[in-house]
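Have the viewer open while you read.

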Amino acid sequence: RPGVQVKPDFDRVKQYLEQFPIAELTMVGTLAQKQLLFALIRDPEGGVHKVQVGDYLGTDYGRITSIQELEVQLTEIVADGTGGWVERSRTVSLGGGEEA
C-alpha cells in the first residue's frame, strides 16, 4: 500500500493476549458460532481464549486477519529499524508452533 503510513494505534486499549509473545501462544482449536469461526488460543499460563478476526495477539500489534480450521493468520506491525514501521504476516498453527 504505497503512501499509507503504517504505525500501531497507541491509543487503543490493549487486549489480554497482547501481553504474550506470539511464540508463547498456541492455537488449540476452533469454534463455530452463528456463521462465525473463532479460534481458541491458549496462553502460557494455561488459560484458553476465544478470538475472532480483528482481535489482537502478541507483543507486535498482531491483528487477526483470518481464521481457518488449522491456523490463524495475523498481520503484525514492527519497527523497521529506521524510526518507521512495517507490516509482516505471521501464522499461528493448530497444536503450537508459529511460522514467520
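1. Is Tyr 61 buried or exposed, and what is its relative accessible area? Keep in mind that this is a predicted model. Tyr 61 counts as buried, because its relative accessible area is 17% and the cut-off for buried is under 20%.

2. Staying with that ring: Tyr 61 pairs edge-to-face with Phe 10, with 5.9 Å centre to centre and 90° between the planes. Phe 10 sits in the segment before β1 (26-33) and Tyr 61 in the loop between β4 and β5, so this pair ties together parts that are 51 residues apart in sequence. There is a cluster here too: ring pairs link Phe 10 and Tyr 61 with Trp 85. In total, the structure holds 4 aromatic pairs.

3. Another of the ring pairs is Tyr 16 with Phe 20. Their ring centres are 5.7 Å apart and the planes stand at 70°, so this one is edge-to-face, as the class takes in angles over 60 degrees.

4. Two charged side chains sit over rings. Arg 12 lies over the face of Tyr 56, 3.4 Å from the ring centre. Lys 50 does likewise over Phe 38, at 4.5 Å from the ring centre.

5. Now the salt bridges. A search of the whole structure turns up 4 of them. Have a look at the network that links Asp 60, Glu 76, Arg 88 and Arg 90. I'd go through it pair by pair.

6. Asp 60 bridges to Arg 88, with the closest N and O atoms 3.1 Å apart. That pair links distant parts of the chain, 28 residues apart: Asp 60 is in the loop between β4 and β5 (62-67), and Arg 88 is in strand β7 (residues 85-93). Both ends are partly exposed, with relative accessible areas of 26% for Asp 60 and 33% for Arg 88.

7. Glu 76 also bridges to Arg 88, and here the closest N and O atoms are 2.7 Å apart. Glu 76 belongs to strand β6 (residues 71-79) and Arg 88 to strand β7, so the bridge ties together parts that are 12 residues apart in sequence. Glu 76 is buried, with a relative accessible area of 0%.

8. Arg 90 and Glu 76 are both buried.

9. Which buried residue has no salt bridge? Asp 55: the nearest side chain of opposite charge is Arg 63, 7.5 Å away, and a salt bridge would need a nitrogen-oxygen distance within 4 Å. Asp 55 lies in the loop between β3 (48-51) and β4 (56-57). Its side chain does reach the backbone nitrogen of Gln 52, at 2.9 Å. Leaving aside neighbours within four places in sequence, Asp 55 is in contact with Gln 15, Lys 50, Gly 62, Arg 63 and Ile 64. Lys 50 in that list is the residue over the face of Phe 38.

How values were computed. Residues are numbered from 1 along each chain as its sequence is written. This is a predicted model: local features need pLDDT of at least 70, side-chain atom pairs count only at pLDDT 80 or more; totals for chains, interfaces and linings use all residues. Side-chain values use heavy atoms; hydrogens and water are left out. Helices (H or I, at least four residues) and strands (E, at least two) are DSSP runs, numbered from the N terminus. Buried means under 20% relative accessible area, exposed over 50%, partly exposed in between (1.4 Å probe, protein chains only). Lys and Arg count as positive and Asp and Glu as negative; His and the chain ends are not counted. A polar contact is a pair of N or O atoms within 3.5 Å; within protein, one must be able to donate a hydrogen and the other to accept it, and residues adjacent in sequence count only if both atoms are side-chain atoms. Contact means heavy atoms within 4.5 Å. Rings of Phe, Tyr and Trp (its six-membered ring) pair if their centres lie within 6.5 Å; planes under 30 degrees apart count as stacked, over 60 as edge-to-face and the rest as tilted. A charge sits over a ring if NZ of Lys or CZ of Arg is within 6 Å of the ring centre and within 35 degrees of the ring normal.
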